[in-house]
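Here's a walk through one model, strand by strand and side chain by side chain. Have the coordinates open as you read.

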Amino acid sequence: MAKTMFITQEGPANALALNKDNTQVVIAGRNVFKVFNIEEEELVETCNLRVGKNLNHLNFSCNDVAWSTNEDHVLATAATNGAVVLWNLNRQSRSKQEHVFVDHKRTVNKVSFHSIEPSRLISGSQDGTMKTFDLRIKEATRTFYSNTESVRDVQFSPHSHHNFAAVSENGSVQLWDVRRPDRCYHQFTAHSGPIFACDWHPEQSWLATASRDKTIKVWDLVSKPVLEFTISTIASVGRVKWRPQRKYHIASVALVVDCSVNVWDVRRPYIPFASFNEHKDIATGIAWRGDPHTFLSTSRDCTLYYHLFKDATRPASKANPQGVAFNSRGDLAYACKANNNLLVKSTKTPGNSKRSDQSSDEFVQASSHMHWYNKKMNYENIWFLGCASQYMLSGRPLPDLCDHNASVAENLGRTTVSLVWRMIKILYSPRLGDFGLQLGIKDDQVGGNLKDKDGETERRDKKEEREGEGSSEEGSKKTKRQLRLEDLKAGTDSMGDFFFGDGEMDPLSMDFERGNSVGLCVDIITHDWTLPIEAFPLRHEIQDSSPPPEQLNNDSPEPSDETQFLTIEDPPSSLLTVNWVTRAPMWDSSVVISNALKHHANAGDVQTCASVLIALGEKRRNLNHVLDEAIQEQWLTAYIDILTRYKLWDVATQVVKGLYSWCQGCAHGGHMKHIQEWLENNVECPAGCGHQCEYT
């Protein structure tokens with residue numbers, strides 16, 4: 001036959017079997033029971049055994065079917081009602097039913113003929129028993145009790161005519177001798193789930209078992225059971241059948257998910273050697289036609305397929321021959337596809353010019369080049385151990401701790417960690433942004449009058465006015481006065497010849513009044529923005545301070561002796577004087593610190609996170625609104641675990657005998673006497689968790 005062919009039936013088949021000449025096939029199910037001739041171009045139906053008056057009888061509902069190994073006209077079926085039915089195709093009547101054995105109490109799952117003695121038939125049932133039948137006397141001769149819930153498959157051994165194997169739903173395999181029905185001579189657990197099928201190897205003393213645990217296992221039963229091969233599949237396996245004339249090939253079908261018929265090479269157990277994907281539903285049975293090139297299969301899709309092995313698909317040819325992997329030491333392995341043509345040319349000898357054809361039974365060759373890169377040094381361990389042993393987390397002011405730890409991290413090549421420590425120092429220094437020192441401004445120029453009361457401000461103003469009236473020389477000079485909060489309020493006169501409008505001053509006043517909302521110590525600074533004096537001399541000072549003529553009234557009264565004159569001071573001689581306030585921005589630094597610590601935690605650097613939290617001490621509480629306390633505790637605990645792994649953390653690692661006390665924060669503790677001595681001079685936990693302990 002030169003092609004794959006199929007035939008559709010009115011119902012799904014549960015099993016199929018071939019006659020001894022492999023020229024006929026029988027399929028059996030709940031609603032189908034037929035015999036077909038296998039011809040060159042098609043499958044021809046020759047007999048429909050589901051005939052008669054009582055077609056609804058459960059004797060026609062078959063779980064399994066077997067064809068006699070010596071007689072072409074003898075069939076046996078396992079019925080769902082617990083009967084073993086014998087069929088004779090040579091009967092002249094319309095019904096071919098020969099005899100019904102009703103010895104089992106529950107559904108029969110499997111029937112099998114002896115390979116040499118055609119009159120001997122064995123069955124396995126849901127009632128946990130196996131029975132042998134003598135077809136000559138039409139009786140059950142022996143009963144074997146498995147002491148299990150159900151026997152799913154039973155097969156006579158082709159290597160020892162008195163032995164057979166039975167598999168059960170409890171995952172065990174039993175080996176029996178038909179001459180000793182009282183007990184099996186060997187039993188072992190083969191799978192972690194129910195075993196649905198088994199099959200003896202035709203040449204080796206191997207038994208293949210298929211289970212719900214998605215594996216096919218091959219056992220060597222020469223002496224004690226030895227697991228030779230394990231095949232991993234994607235679904236529970238329902239049927240297995242060894243491929244004739246191929247020692248390492250076995251076919252399987254699944255119970256769920258996978259509709260393909262797969263042929264495996266047990267030496268390559270992770271990908272099928274060949275696959276047949278014609279069925280649209282779960283395949284239920286397979287039978288090789290006496291040679292390794294053809295087989296038949298049935299399915300729940302109501303089809304019977306005749307397969308040619310040369311039409312199979314090869315899943316291994318579609319596998320990716322490239323990959324990359326890391327080991328626990330950080331070494332890298334990389335595999336890339338190799339050019340098979342170059343390999344063939346390189347291995348060809350000059351004297352051998354004969355070209356060998358690749359056999360279809362060879363596994364697909366996927367050649368790859370392997371590259372291995374060793375990691376000579378684990379710098380992460382050096383960084384971690386170096387920082388853990390050299391960091392200072394307490395005992396000094398925070399700026400000194402930050403400087404020391406930043407230097408340690410920088411010497412170890414951890415620049416980003418060093419920057420984190422320097423950032424912590426800048427943000428948490430006692431006088432963050434001491435601009436007065438940076439700009440070289442004197443102390444008398446730094447305004448500290450934000451807290452002055454109104455009375456003190458008025459007295460200072462009157463004093464300056466008296467000094468201006470008393471000295472004419474000082475009146476021609478620039479009047480120096482410190483900037484006060486009142487000077488920036490809307491409605492006040494500007495200092496100098498130029499003044500700002502309300503739209504320009506209001507935002508400044510509003511921002512200034514909001515003041516130091518971030519809680520930082522920021523000084524008020526007065527900058528001198530006086531422009532240089534013009535090149536030409538100024539005009540003489542006008543002594544008469546009377547108002548302009550256009551502002552006088554003609555009928556105004558003459559000034560009397562009692563009239564009080566208002567002295568108006570001239571503005572400073574500079575053209576423009578602007579006083580400005582330099583202040584820190586309204587910015588919450590805790591958000592930046594929280595993001596930085598989370599970044600290092602996500603990168604796996606929990607050491608930096610825990611060390612910063614410990615160094616901050618009480619200042620760590622300022623982070624609670626942006627950094628959950630549970631996360632902080634998780635970082636500290638993880639760091640302690642890593643230190644313990646490197647044997648750098650030995651606080652309370654041994655059992656304390658006698659009276660003891662412990663920290664409520666980290667649960668570390670020690671002898672009560674030692675804890676008392678520690679708390680006499682310290683307030684924090686001796687384990688370094690930062691918790692303030694108190695002995696009462």
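Let's start with a strand pairing: E1 (residues 5-8) and E28 run antiparallel and are joined by four bridges. Within that pairing, Ile7 sits opposite Leu304 of E28. Bear in mind that this is a predicted model.

E28 has another partner. Strand E27 (residues 294-299) is joined to E28 by five bridges, again running antiparallel, and Leu296 stands opposite Tyr306 in E28. E27 and E28 make a hairpin with three residues between them, and Cys302 in that turn has a positive phi of about 70°.

So how buried is E28 (residues 303-308)? Six of its six residues are buried, so the strand is largely enclosed by the rest of the structure. In a regular strand, side chains alternate between the two faces of the sheet. Here Thr303, Tyr305 and His307 point one way from E28, while Leu304, Tyr306 and Leu308 point the other way, and all are buried.

**Two buried polar side chains**

Thr77 is found in strand E7 (residues 74-79). Thr77 is buried, with a relative accessible area of 0%. Its side chain still has a polar partner: a polar contact of 2.9 Å joins the side chains of Thr77 and Trp87. Leaving aside neighbours within four places in sequence, Thr77 is in contact with a list of residues including Phe33, Asn59, Asp64, Val85 and Val111.

Ser150, by contrast, belongs to a loop, the one between strand E13 (139-145) and strand E14 (151-156). At 1% relative accessibility, Ser150 counts as buried. Which side chain does the side chain of Ser150 make a polar contact with? The partner is Gln126, at 3.1 Å. Not counting residues up to four places away in sequence, Ser150 touches Asn109, Ser125, Gln126, Gly128, Val167, Ser168 and Glu169. Met130 is 20 residues from Ser150 along the chain, with 9.8 Å between their C-alpha atoms.

**Rings**

A search of the whole structure turns up 21 aromatic pairs. One of them is Phe144 with Trp176, an edge-to-face pair at 5.5 Å centre to centre with 70° between the planes. Phe144 lies in strand E13 and Trp176 in strand E16 (residues 172-177), so this pair ties together parts that are 32 residues apart in sequence. Phe144 is buried at 0% relative accessibility, and Trp176 is buried too, with a relative accessible area of 1%. Elsewhere, ring pairs link Phe273, Phe276, Trp288, Phe295 and Phe309 into a cluster.

How many disulfides does a search of the whole structure find? The count is zero. Among the cysteines, Cys184 is buried with a relative accessible area of 13%, and Cys336 is buried with a relative accessible area of 17%. Both values fall under the 20% limit for calling a residue buried.

| Span | Helix | Strand | Distance between end C-alpha atoms |
|---|---|---|---|
| Residues 144-179 | 0% helix | 56% strand | 11 Å |
| Residues 188-221 | 0% helix | 59% strand | 11 Å |

Note on methods. Residues numbered from 1 in each chain as written. Predicted model: local features only at pLDDT ≥ 70, side-chain atom pairs only at ≥ 80, totals over all residues. Heavy atoms only, no water. Disulfide = S-S within 2.5 Å. Buried < 20%, exposed > 50% of the residue type's maximum accessible area, 1.4 Å probe, protein only. Pairing = 2+ DSSP bridges. Polar contact = N/O pair within 3.5 Å; in protein donor to acceptor, adjacent residues only side chain to side chain. Contact = heavy atoms within 4.5 Å. Phe/Tyr/Trp six-rings, centres within 6.5 Å; stacked < 30°, edge-to-face > 60°.
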